[in-house]
Every structure is written in C-alpha cells, then in structure tokens.
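User: Could you take me through the charged pairs and the nonpolar packing in this model?

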Amino acid sequence: MPDEPRVVIVGAGPAGLVLAWLLHHADVPFQLVERQQQEQIGTQPKAGIVEYRTVELLRREGIADVALHFEAENRRVEFRTPQLAHVFDYADLTGDRPHYVFPQHRLVAELAAALVVRGAPLRFGHRVREVGTDGTRPHLVVEGPDGARQHLTPDVVVGADGASSAVARAIAGHVDVLDRSLPARWLVVSTASPALVGHTVYGIHPRGYAAHLRRGPQETRFYVEVPADVGADDLTHDEIRTELAERLRLDPPAVAGLDIRSVDVLDLRTRMTVPMQHGGCHLVGDAAHLITPAGGKGMNLAIADAVELAHGLVEAFGPTADRKRLDAYSDTRVPALWRTQAFSDWFLRILTARSSDAVDDGSAAFVHGLREGWVAALRDDAGLARWFAHAYAGAEPTDP
Ligand SMILES: Cc1cc2nc3c(=O)[nH]c(=O)nc-3n(C[C@H](O)[C@H](O)[C@H](O)COP(=O)(O)OP(=O)(O)OC[C@H]3O[C@@H](n4cnc5c(N)ncnc54)[C@H](O)[C@@H]3O)c2cc1C
C-alpha cells in the first residue's frame with residue numbers, strides 16, 4: 001500500500017463510497033479498504049428506494065447527475081388489508097417529492113467504477129483484521145489479497161464497514177451501544193419479473209406483513225414476514241407465492257408466474273451507538289446504527305452521515321485546519337437519527353403482525369385491529385396523512 005493516509009475508510013458500501021468521493025475531490029489524503037473484490041461489492045439484495053432529499057444532497061455534493069443518474073420515480077404506496085385498500089400519493093402531499101427507484105447494488109457498483117476511473121485510492125480485496133485506539137490516535141492492521149499485513153496509524157479511521165463493524169467493536173467499550181431485536185424477520189424474495197402493480201404495495205394481514213416493491217423493469221422485490229425462527233429455506237417457493245397472493249391480495253395466476261431467484265432473511269434489529277466517535281474512530285451508516293427496514297431509511301441515513309463527516313474531515317485536514325465540525329459530528333447527526341428511528345419503529349408496528357405486543361391469539365387479533373385502525377386514520381385524517389407523507393418521503397416538516 002502507498003504512503004500513510006490521514007484518513008482510512010473501512011468499507012465500500014454507500015457510506016464509504018460517498019465519503020471517498022468527497023475526500024477525493026477535496027484532495028484529503030485517504031485510502032479506502034474493502035474486503036471484497038470490486039465486482040463482488042453490493043451483490044446482496046439490499047436497498048432499492050432513495051429519498052428525494054438524498055438525491056438533492058448528492059446533487060449539491062456533485063455526485064448525482066455526475067456519477068449517479070436517478071430517473072425512475074416511486075410516488076405512491078398502497079396499503080392493502082383484508083378490510084380496505086388505500087392508495088396514498090405521498091409525492092403529491094409533499095410538494096412533488098417522490099422516491100427514486102435505484103437498487104443499492106447499482107449505486108455501489110457505479111460509484112465505485114466512477115471513483116476508480118478518477119484514480120481514487122480504493123483497495124479492494126483488503127480486509128481490516130485489527131483496529132484499536134489509544135484514546136487519541138487509531139491504529140489498524142490491513143490484510144491484502146496475498147495475505148500480507150500492513151500496520152497503519154492514520155489520524156482518523158472511518159468505520160463504514162456495516163452491521164458487523166470491526167471499527168465499532170474497537171470503540172464499543174467507550175460508547176453506549178443500544179441494541180434491540182424484534183420477534184419477527186422478513187424473507188427477502190428477489191424475482192426476475194416485472195412489477196405486478198405500478199407502485200409499492202404493503203400488505204397488512206393477520207398472517208403477517210408482505211410487500212411488493214419495484215426494483216427495475218425486470219426486477220421486483222417482495223417481503224414476507226415470518227416468525228424469528230423461520231429460515232430462508234423453510235418455505236417452498238409455492239408456499240411463498242401463496243402467502244404473497246393472500247397477504248397482498250394479488251391475482252394468484254400473476255403471482256404463480258413470478259420467477260423467484262433468491263430468498264434471503266432480514267432480521268429486524270435496531271441499534272444506536274452514541275456517540276458515533278471515539279479516539280479518532282468515527283462510525284457512519286450501519287456501523288453506527290441499524291434501523292428497521294420499515295420505510296427504507298438505512299441507506300439514506302448512511303449517505304447523510306457520510307456527507308456530514310466528509311465536511312468535518314475536509315475542514316480538519318484542508319487549508320482551514322479547523323476540527324470543530326469533525327468533533328461535533330456525532331452531536332450533529334444523532335438527533336436526526338433518533339427522529340428517523342422513531343418514525344421507522346412506529347411504521348414497523350403498523351406493518352408487522354409480530355410486534356412485541358402480540359403475545360398470544362387474543363392480543364394478536366387486538367394488534368391487527370390497531371394496524372387496520374392506523375391505515376384507516378391515514379386514509380381519513382389529513383393531518384396524520386401529511387405527517388406520514390413527509391416522514392416517509394424524507395421531506396422536512398417545513399416543506400410544502
Ligand atoms: C433487504 C434489505 C433492504 C433494504 N432496503 C432499504 C431501502 O429501501 N432503503 C434504504 O435506505 N435502506 C435499505 N436497507 C438498508 C441499507 O441497505 C443499509 O443501511 C446500507 O447498506 C448501509 O450502508 P453502509 O455503507 O453503512 O454499509 P454496507 O452497505 O453494509 O457496507 C459495508 C461494507 O464494508 C465492508 N466490510 C465489512 N467489514 C470489513 C472489513 N473488516 N474490512 C474491509 N471491509 C469490510 C463490506 O464488505 C461492505 O462492502 C435495506 C437493507 C436490507 C438488508
């Protein structure tokens with residue numbers, strides 16, 4: 001590896017790559033290390049929906065329209081329960097702020113390729129084996145594809161290394177790590193089939209949640225809620241199709257034609273790390289916080305973290321040599337993170353049948369009644385609908 005950088009970014013997910021782009025364009029000496037090879041990154045099915053404000057942020061930072069081109073919009077969601085179906089036009093209620101349909105694997109692949117073309121120092125196939133800090137300066141050991149190990153002592157290590165972050169583990173004894181699991185998981189069903197409906201559909205059913213999400217012209221994602229002890233292989237593809245047709249009230253022959261390519265498991269875990277920095281180690285994205293998948297917020301938060309930290313690093317290591325913004329990074333981000341966690345937690349309890357309140361048959365039926373009640377309120381109460389539209393789309397409360 002070439003000379004010692006001032007900043008080492010661990011991980012080439014959305015957070016690490018956005019940060020790398022901004023440091024590269026500001027001439028801050030950095031290196032990014034990623035354990036996977038370039039062609040492997042982003043191959044797991046993950047995010048597919050990007051908020052309007054994230055695209056605006058990426059546009060202001062010179063990434064959208066340059067390295068990434070956002071076009072396909074999602075403007076509506078439909079709630080389907082056994083009792084009612086309600087199409088909710090959140091883009092209309094937020095002054096024309098839709099989501100953009102943009103799979104995470106494309107975002108990561110295209111941003112990495114754009115950085116490589118620009119000569120940015122991305123080291124694929126390099127895994128961080130050890131990280132630590134003496135309280136002011138971090139140190140780490142990076143293993144290359146040939147097994148050779150290098151010891152580095154940069155000014156800052158950025159943990160952009162996802163939910164099982166080695167950097168987060170290194171500072172866990174010095175910060176609060178607030179963890180919580182929910183008693184359900186979602187099967188993530190990826191299909192090579194066109195969408196069956198032209199917008200997102202959420203099925204709110206006593207048997208559990210299901211979702212229909214557009215991902216591309218020949219790509220549609222489905223979610224199926226199952227108890228936490230059910231694995232990806234425990235349901236046959238036909239059983240999955242039956243659950244989808246029932247919970248989403250989809251036409252069974254159309255569901256029968258779905259070309260299911262993979263079934264993965266998504267555990268419903270939440271976490272906050274406060275503060276998100278200690279001794280020269282800074283955490284961004286899933287390394288710092290996990291949010292329920294309800295409402296599609298995780299990648300958006302990861303990108304917002306990366307942009308804020310990039311500004312702090314540029315001010316600290318650029319001509320101004322001012323560390324104030326870097327030192328305040330966690331304090332700046334944490335209030336917005338809690339607000340988004342609060343929305344996602346509330347929304348998850350409408351979507352899922354197995355919230356922590358649903359302990360037996362009687363209370364499960366009660367919980368389903370609550371879910372129906374919230375959907376009816378979203379349909380009938382203009383104030384609630386406005387709040388939901390803004391929180392869901394990622395618009396500021398002060399936006400129209
Ligand atoms: C099924 C699913 C659906 C989702 N849907 C949405 C959605 O619609 N909208 C949304 O906003 N969010 C969504 N999310 C959440 C989103 O995918 C994550 O929040 C996002 O990936 C976080 O990005 P990140 O850069 O923090 O971490 P990651 O994407 O996890 O990237 C971490 C990177 O670090 C690398 N790494 C890890 N350890 C090391 C090491 N020791 N050395 C070197 N490299 C290492 C990994 O290989 C990886 O490339 C979804 C997640 C899942 C699982």
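**Salt bridges and cores**

Analyst: The side chains of E315 and R325 meet in a salt bridge, 3.6 Å from N to O, where a salt bridge is a side-chain nitrogen of Lys or Arg within 4 Å of a carboxyl oxygen of Asp or Glu. The pair links distant parts of the chain, with E315 in helix α8 and R325 in helix α9 (residues 324-327), 10 residues apart; helices are DSSP runs of H or I with at least four residues, strands are E runs of at least two, and both are numbered from the N terminus. This is a predicted model, in which local features need pLDDT of at least 70 and side-chain atom pairs count only at pLDDT 80 or more, while totals for chains, interfaces and linings use all residues. Residues are numbered from 1 along each chain as its sequence is written, and side-chain values use heavy atoms, with hydrogens and water left out.

User: Is E315 buried or partly exposed?

Analyst: E315 counts as partly exposed because its relative accessibility is 27%, and R325 is also placed in that class, at 29%. Buried means under 20% relative accessible area, exposed over 50%, and partly exposed in between, with a 1.4 Å probe and protein chains only.

User: How many salt bridges are there in the whole structure?

Analyst: A search of the whole structure finds 30. One of them joins D155 and R6 at 2.9 Å, N to O. D155 lies in the loop between β11 (149-152) and β12 (156-159) and R6 in the segment before β1 (7-10), so this pair ties together parts that are 149 residues apart in sequence.

User: And what does R80 pair with?

Analyst: R80 forms a salt bridge with E78, their closest N and O atoms being 3.0 Å apart. R80 is buried, with a relative accessible area of 13%, and E78 counts as buried at 8%. Elsewhere, E51, R53, K297 and E396 are linked in a network of salt bridges.

User: Switching to packing, which residues touch the most other members of the largest nonpolar core?

Analyst: They are V7, I9, F70 and L313, in a core of 75 residues; a nonpolar core is a set of buried Ala, Val, Leu, Ile, Met, Phe, Trp, Tyr and Cys residues joined through side-chain atoms within 4.5 Å. Helix α8 (residues 298-317) gives the most to this core, with 12 residues. A second, separate core of 33 residues includes F79, L182, A294 and A389.

User: What is F70 in contact with?

Analyst: Leaving aside neighbours within four places in sequence, F70 is in contact (heavy atoms within 4.5 Å) with V50, V55, L58, A64, Y100, F102 and L107.
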